[in-house]
Amino acid sequence: MTESVSISPPSPKTLLSGYQPLTGVYDEAFDPNSGLRPHWQTLIGELNRLGPDEVHRRWHLAQKQIANDGITFNPYDMGGVASRPWMLDAVPLVLPELEWNGITESLGQRARLFDLILRDLYGPQNLLRERILPPDVLYGHPGFYPAYHGLPTPEGQYLTLYAADLARAPDGRWWVMGDRTRAPFGLGHSLENRITTSRMLPQAFRHCKIQRLAPFFVAMQETLRDIAPRSRDNPRIVLWSKGPASRAYFEDAYLARYLGYTLAEGGDLAVRENRVWLKTLGGLLPVEVLFRRLDEDDCDAVELNPNSHTGVSGLLEVLRSSNVVICNALGTRLVESPIVQAFLPSISQFLLGEPLKMPSVATWWCGQPEALEYVLKNLDSLVIRNAFRHQNEPPLHPGQMSDQKRAELVTRLRARPELFVGQESVVRSTAPAMTDEGIAPWHVALRSFLIHHDDGFVALPGGLARVSPESDLLDFTMTSGERSQDVWVCSEQPIERVSLLAPPGETVALRRSGSDLPSRVADNLFWLGRQVERAEGNARLLRTVLSTMTGEVQSTEVLQRLFRVLAEQGQLDPDFVVEGLRTSLPAVEEVLPEAIFDPTRSRSLRATLNEAARLVSIVRDRVSVDAWRVIHRIDEDFQKPTGRAATDTSDVQNLLDQLLTELLAFAGLAQESMTRGQGWRFLDLGRRIERAWQTSVLLRGTLAFPIEEEQPMLETVLQTADSIMTYRTRYLATMQTAPVLDLLLVDETNPRSIGYQLQVIESHLEELPRGEHAAVISPEQRIALSLRNAVRLAVVTDLARVEASGNRPALERLLKQMDDRFPKLSDAVSSRFLIHAGLSRHYGSFSGE
Amino acid sequence: MRYKVTHTTKYGYSEPVGVCHNRVILTPQAGPRLRVLSHRIVVRPTPQITSRRNDFFGNSVQTFSIEENHRQITITSTSRVEVDPAPTLEAAGTLPWNQIVKSLADRTDPLWLETCIYQFDSPRISREASFVDYANVSFTPNRPVLEAAMHLTSRIKKEFTYDTKATTVNTSTDSAFAIKRGVCQDFAHVEIACLRSIGLPARYVSGYLRTTPPPDKPRLVGADESHAWVAVYCGPEIGWIDLDPTNDCLCSTDHVPVAIGRDYSDVAPIKGVFLGGGAHTLSVSVDVAPEE
């Protein structure tokens, strides 16, 4: 029934009306003879039922959700390159279970084979001895380190996680285009695609009986748990990320949270006493298993790449004594070299005694004279790749090159033939993809993942599909292609429910979050707290300034003081304070919106928000999704108005109002949804220190040298410090300096006062982990205590008294003390809890003469 | 010939160092011409963790970690060794070099697998056309391998200027070759690059050289040097022959080998990282004392 809908002459309403499979290309959904393939009928039927408008609406919502969740290749911008959101297609790729089983069986064989190759090359080297493989595979590899030889691997296994890039040729057969054996990318994105797509098409998802992804991750957890050298019940497993600058950081954080592992960077780990430790606030905690997400060359600066900053110095020595295991084992990258593909059929015969179940794309290694001749003769129809895929070199298409470039390539091939392979180019199959004109056939690339489990490999029933209108574009990396698709493996049987949570029979030990917070994460949370509070303080002050500037009663003196505070905060050039106000006032009106949105000015509001967004993306495995969304939305919403509105301060005022609301939402989430562990404590500590400091800067700039008619100034200060309501309820309309100072400085019941911040700071410091010197008061406690005492002992009437010189010396003294000590307090907290290690350095090496 | 070799390395830091991880290669490897009578490495302050193993090339590697604050480290390696003279060889009677290259390429040489790692590029040495051109002057077709290699060694000694200021430990082989200046490490790298570029396996040897004082001066303790030279593969019969391009000679009883590798990066005497430390100073002294 559905079939007739799809292949009958298109009615304008259906999404597939314009779908024209290409000639000479296999189409995943349509058979040229019989029309829509059976396993696509449920999905296509459902899409047609929803209709184009509804599908587009849902797709649009899904895109928005992806943007809100910040699913990117690189969550924050490095070197000015904008992070690119993950583009998900509206249509998943559907594969029937029977065909899928064949694919996974073939890939399981391939993964086993790669593991055997590694065991041999790092062991008896029979493949070299018997001349099945040329020694170039090992010793000619630019990433070869002799240190990989003789390293113990988890239970002898080199390859734990493997990914294969597949293409389907016009004859309907699947080919392996490439292998990934280092730290394959894309698992987290496959998960996220599944979650988004199943939310977008819930009915289709249910009716198609799609195999669930969770069992794969359960197998993965079991594998990683079982390879732990000791404490196999509950070993500490660390997902070792390259760090926030890497394009895989989103996925790393996502996987770590999903699998329940600690996300760590090289800097969070240390080698002591011949073991690997996680540096936490509470001290060092032993690590059993490292799930690496970085290249092996970068894992240990002592014995491998000395220029790496992502490694753990001394790791190889710990691996040798089997006190920690790492997977994939070090050195696995050898077998993903395209050169290996050229020899794989004979290796399979030699090591397994059976033929390869799924062929690799035809590959010629130019290091063999006959192969080189073949490649040169057929250059235009081949793809040329680096034989070792060392630096992710892009593939070359000589057929599309200019004569000059082509001649250069031939020269390079002849000079160092052993560095290149030629590969047949495959016209990939097409599958339905969503376009503005409806669903169209786009070329598809499929990445499959396999994890070692028990004695074999288990495949993720799904994977990551990438689609593009041009087949060539999919040959390069995971980031090439236009969009990705979820992969649905449709089952014949009903689907079992699997969850990553412990089975009901198993008792889980009760725990309270303790001190196993990595110091770096605490540091980031601390600064996130400071930046968010700084943004709030700045926004409040700016709002006051703008409303005073445009207000009915313009007090130049009040404005002058406010500009001074703005300059003090680095939001305005100090010139505006020095020059005569009358001449500069119109300029300030124009300059201020510029200054607010200027990301290059280090302390502008925009720069502060950028920093907050950066920090929240780094600690995203520690904050709730909602909290992340709030910051992300701020990042998007708080943009300089364009066009006519650009200089209109009322637009800026509206933006500031909105910003404050969103910042309060973040504060509320932190207060209401974060457990009171060390993470929350550092976030709040940062916030309190920043707020107290901001308030002292405000008071010092506005009240220490009072203006003549102080009433409007006091009102402005109360407004900026968000305490005007409290003041009014206490003192009604009487504006006097002493009660204002009492409320903003001393009163510990006012959550906006400096006294209140100091009280909270003190109690936080009391709760932080203590070392062996617990009896002695620590430096940061000393600073906090001295400040708190100074505030408590202050006599408000003394502070408010104006001397003959026209200033308030007691107030000035107290606020100056704060100005000096809050930065010191922040540094003291940093150096005590957060800076565990400086940069490691190499010994100046030397040689004889 | 017997020697007592004392090799002392001192690091001093302006600020305390909390942790350091080190890997040292300071232990002479016994071989057909070398016996190690006694050997020990003393590290001060005493490391928390020490271990010893043989690396991929068969060198004896010691690793240690010091995990408490320290402002200086002293590593003293003391070895007593006995070196036999090199066997006398008729250079003109060795195999033609291109025959060796061919049987390695055909993988018919019985040692092709053991030697092949020394034919490839290594971290500090890449095979280049310029090295081929330079080597070809000595390696004329069918010339006996040792004769050609000794000729190459002499040319490097003659055409390169010994200059301790011209290069550093990190100078690339290419640039040392371009300026034709440097120290033993550079000369060894250049010669290896030439040999590998024409297909011969060649390796880097680190060790010590006995220095003979001028006739009227006493021997100065600690004034000797750690040294480096080259070994070239001369076919399955003869195996590896050590040549010293810095002194234009075949190595015999004046040379005490410690370690072999593809280039300096495999055998650097001390490698490691440390945390903290501020500015640091380094002093090295080597003493090669002949014994009766």
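Among contacts in chain A between residues at least 6 apart in sequence, those joining residues at least 24 apart make up 71%. Keep in mind as you read that this is a predicted model. Chain A contains 29 helices and 21 strands, and 47% of its 849 residues are buried.

**Where chain A meets chain B**

- On the chain A side, 31 residues are in contact with 39 residues of chain B.
- Three named elements of chain A each give two or more residues to this side: helix 4 (126-129), strand 8 (269-272) and strand 21 (840-842).
- Strand 21 of chain A gives the most, with 3 residues.
- Sorted by class, the side of chain A that touches chain B holds 13 polar, 10 nonpolar and 8 charged residues.

**Cis peptide bonds**

- Most peptide bonds are trans, which makes the next two handy to check in your viewer.
- In chain A, the bond between A:Cys327 and A:Asn328 is cis, with omega at about -5°.
- A:Asn328 sits in the loop that runs between strand 12 (325-327) and helix 11 (338-341) of chain A.
- In chain B, a cis bond leads from B:Arg44 to B:Pro45, and its omega is near -5°.
- B:Pro45 belongs to the loop between strand 2 (34-44) and strand 3 (49-54) of chain B.

- A:Gln125 is not a glycine, yet its phi is positive, near 60°.
- Is A:Gln125 buried or partly exposed? A:Gln125 counts as partly exposed, because 15 C-beta neighbours lie inside 10 Å, and a residue needs 20 or more to be buried.
- B:Asn142, also not a glycine, has a positive phi of about 65°.
- The residue B:Asn142 is located in the loop between helix 3 (129-136) and helix 4 (145-159) of chain B.
- B:Asn142 is exposed, because 11 other C-beta atoms lie within 10 Å and the cut-off for exposed is 12 or fewer.

Methods:
Residues numbered from 1 in each chain as written. Chains lettered and ligands numbered in written order. Predicted model: local features only at pLDDT ≥ 70, side-chain atom pairs only at ≥ 80, totals over all residues. Helix = DSSP H or I, 4+ residues; strand = E, 2+ residues; numbered from the N terminus. Contact = placed C-beta atoms within 7 Å. Nonpolar A, V, L, I, M, F, W, Y, C, P; charged D, E, K, R; others polar.
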